[in-house]
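Please read these points with the coordinates open.

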Amino acid sequence: MKSAQYLLIPGPTPIPLRVARAMDRPMINHRGPEFRAIVEEVLGGVKRICRTQENLLIYPASGTGGLEAAVANFIAPGEKVLAVSIGVFGDRFAEIASRFGARTEKMDFPWGSGADPDQIRDRINKDKKGEIKAILITHNETSTGACNDIKAIRAAVGHHPALFMVDSVSGLAAHELRMDEWGLDVVVSGSQKAFMIPPGLSFMAFSHRALTKQHNTQNSRYYWDVNIGLEYQQSGQTPFTPPISLYYGLQEALKMLEEEGLEHVLKRHRNYREMVRSSINAMGLELFTEERFASNAVTSICAPASIGANAIRKYMLDEFNIILAGGQQELDNKIFRLGHLGYVRELDIISVLAALELTLVKFHYDLHMGSGLNQAQQILFKYHISKKE
Ligand SMILES: Cc1ncc(COP(=O)(O)O)c(C=O)c1O
């Protein structure tokens, strides 16, 4: 008998039955009162998760569409931008800006670590003439499992007038993010991560400052144009035909997140991280990301060189129907990534760690079976006790 699939990649993530059922409803008129009520409800819900009272548009797009919308609206061709990168998705944000004609200055930090606020402060302090018009940065770098300290980095930038634009596609609702309090200008996220709905929606929150700036920038844009989006939003509509089923799903997922409470959602993700990391340590495997930058959403694990990451993933898929992500680009076959964001249950993690131990032993890796599992159970036990206190 083949067991049910365990999807533990960092998006798309599994979706709750409640969300799947909510999506299984007939189409409605997207220019009618029923859809208007949904739009108003979901805008409020996503804004609460972003901790913002500023503007929010929802695009029918994957996360990259939201990043492109951010660049197309808020960066003019020829402008200088500072693109901070700690991995594949930081590189992508920089690449989008370059393709739209920005003069992109990359600031790269080693993969597996986070960006250093002091180095960013030093660079910004040298920009006496205020040439840098935007700072692009990834919140949670999904390719490595490192999370940037956005609050500290934003504080390091101080009063420099550049727009502060954050890719939080895999960060939002797994890690804390307080858009207004921290002074972020643009935050982009995606539906298929901690939001627990299928791929296809991208969220872009943006400050009044960003909105004002784009009024003065001449850029080609139509589908992504925030002015058209905001105009239609006033009457509870989207300019173009929306993916109505995904809106149903979003509405239900937001209800679930609010029932759980955002603080608890974040705590749950942090606990997954602790379970996985302590277990991997106890198995004697190396973690790719330094502890202080460790992601709540995904953990990158270095495979023993004698086995290789892809052999581990293949065996886990064939034997246990467990799907893990591989390493991207230069990390291919070196690391495998265990996604633990969105609708992942704690016992899914226990199961996957048990299967990983079985896999390692099958490949003759020197392991006392149960050592990693025991650590994860201990963390889980403490977590349950602390919830009751
Ligand atoms: C941090 C980050 N940015 C951007 C993206 C791109 O999102 P999408 O694949 O939905 O276009 C991803 C996807 O994994 C991501 O994790």
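The numbered points below start with the basis of the values and then go through the structure.

1. This is a predicted model, in which local features need pLDDT of at least 70 and side-chain atom pairs count only at pLDDT 80 or more, while totals for chains, interfaces and linings use all residues. Residues are numbered from 1 along each chain as its sequence is written, and side-chain values use heavy atoms, with hydrogens and water left out.

2. Ligand shell. There are 13 residues around the ligand, and Ser62, Thr64, Thr142, Asp167 and Lys193 come nearest (a residue is near if one of its heavy atoms lies within 4 Å). By class the shell holds eight polar, three charged and two nonpolar residues. Here Ala, Val, Leu, Ile, Met, Phe, Trp, Tyr, Cys and Pro count as nonpolar, Asp, Glu, Lys and Arg as charged, and the others, Gly among them, as polar.

3. A nitrogen atom of the ligand lies 2.6 Å from a polar side-chain atom of Asp167. The protein buries 87% of the 390 Å² that the ligand exposes when taken alone (Shrake-Rupley accessible area, 1.4 Å probe). Helix H3 (63-74) and helix H4 (88-99) are the elements that give two or more residues to the shell; helices (H or I, at least four residues) and strands (E, at least two) are DSSP runs, numbered from the N terminus.

4. Cavity. How many cavities of 30 Å³ or more does a search of the whole structure find? The search finds one. A cavity is a set of points, on a 1 Å grid over the protein atoms alone, where a 1.4 Å probe fits but cannot get out; lining residues have an atom within 4 Å of a point. The largest cavity has a volume of about 220 Å³, taken as the space filled by probe spheres set on points joined across faces, edges and corners. Its lining has 18 residues, with Leu57, Ile58, Thr238, Pro239 and Tyr247 nearest the centre. Strand E2 gives the largest share of this lining, five residues. By class the lining has twelve nonpolar, five polar and one charged residues.

5. The largest pocket has about 310 Å³ of space (an open set with protein on both sides within 12 Å along at least five of seven lines). Of its 15 lining residues, His139, Cys147, Asn148, Asp149 and His175 are the closest to its centre. Helix H6 (150-157) and helix H11 (262-283) each supply at least two lining residues. The classes are six charged, five nonpolar and four polar.

6. Sheet. Five strands form an open sheet with mixed pairing, in the order E1-E13-E14-E12-E11. Strand E1 (6-8) and strand E11 (286-287) are at the edges with a single partner strand each, so one side of each has no neighbour in the sheet. E1 pairs with strand E13 (residues 322-326) in the parallel sense over three bridges (pairing needs at least two DSSP bridges).

7. Backbone. Most residues other than glycine have a negative phi, and most peptide bonds are trans. The bond joining Gly11 and Pro12 is cis, with omega about 0 degrees. Arg51 has a positive phi, near 55 degrees, and lies in the loop between H2 and E2.

Key: Polar contact = N/O pair within 3.5 Å; in protein donor to acceptor, adjacent residues only side chain to side chain.
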